[in-house]
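Biologist: I have a chain open here and would like to walk through it with you. Can we start with the terms and then go to the details?

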Amino acid sequence: MWFNTGVVVEQKITNHFALVSGLNLRNVGLINKLDSIKLKQRVYSTGVPLAIRFGDLNKKVNVTLGAEAEFFLNYKVKEFVFDEKIYKSNEWLSDNVELFNHAVFVQFQFGNSLYIRFKYYLNNFLKECANQTGTVNTCGYTMHNSAKTTISGYPLNTQLFYMSFGTERFDKNKKKKPNNTSPTPTRTPTRNI
């Protein structure tokens, strides 16, 4: 689990249909376990979603269908052998991941701002590599241990899918009475006789 944040802009067309966009900051990645070796590879990404939302928008019970373009800013890797961390690094704009990725998602909102989201990335998370003959995905991953162990054929396919739970907090946008800055006209006092 990790904290992710974003700003959502919703433009209501009707009480049952809206267009949604925004800006998100996420931490996503994968964990691979290969016998005694475990690799944790993650990125911080920023993304711009574009979606449609339908349902009861006033009661916040709805479904959102959309797509998101993401830019992978920072790549972090941790290597473990027999659950002991042997290596950790992070790089900005890394050559190890595809810098741009696209995803599709569906989100179910249950009222009181709670939601569950399913998201699938269309491109590989890790960048494909090539060996000296130019064959894709055969160069493997080289560990940072004393033996420089190579996990051959890694990665083969790194498309991500995840399920997340979260909340959307909404600005209530209460209608305020307009400020009347003009002076109040003075009434001439009258007297009934």
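Modeller: One term before the strands: two strands count as paired if DSSP finds at least two bridges between them. Also keep in mind that this is a predicted model.

Biologist: Fine. Which strands does β4 pair with, and over how many bridges?

Modeller: Eleven bridges join β4 to β6 (residues 100–110), and these two run antiparallel. β4 and β5 (residues 84–92) are also antiparallel, with eight bridges. With β3, β4 pairs in the antiparallel sense over 20 bridges.

Biologist: Give me some residue pairs. What sits across from A67?

Modeller: In β6, the bridge partner of A67 is V104. A67 is also the bridge partner of L50.

Biologist: What about the inside? Which residues touch the most others in the largest nonpolar core?

Modeller: That core has 18 residues, and V43, V97, Y121 and F125 touch the most other members. β2 (17–34), β3 (37–56) and β4 (61–81) each supply at least two residues of this core. In soluble globular proteins, nonpolar side chains tend to be buried together.

Biologist: Take V97. What is V97 in contact with, beyond its sequence neighbours?

Modeller: Leaving aside neighbours within four places in sequence, V97 contacts V43, F72, Y75, F125, L126 and K127.

Biologist: How much of the chain is buried, then?

Modeller: Buried residues make up 34% of the 193 residues. The chain exposes about 13,400 Å², with carbon and sulfur atoms supplying 57% of it.

Biologist: Is N124 buried or exposed, and why?

Modeller: N124 counts as buried because its relative accessibility is 17%, and the cut-off for buried is under 20%.

Biologist: What does its side chain reach?

Modeller: The N124 side chain reaches the backbone nitrogen of T158 at 3.1 Å. Setting aside neighbours within four places in sequence, N124 is in contact with E98, N101, N157, T158 and Q159.

Terms used:
Residues numbered from 1 in each chain as written. Predicted model: local features only at pLDDT ≥ 70, side-chain atom pairs only at ≥ 80, totals over all residues. Heavy atoms only, no water. Buried < 20%, exposed > 50% of the residue type's maximum accessible area, 1.4 Å probe, protein only. Polar contact = N/O pair within 3.5 Å; in protein donor to acceptor, adjacent residues only side chain to side chain. Contact = heavy atoms within 4.5 Å. Areas by Shrake-Rupley, 256 points an atom, 1.4 Å probe, with all protein chains shown as cover. Core = buried A, V, L, I, M, F, W, Y, C linked by side-chain atoms within 4.5 Å. Helix = DSSP H or I, 4+ residues; strand = E, 2+ residues; numbered from the N terminus.
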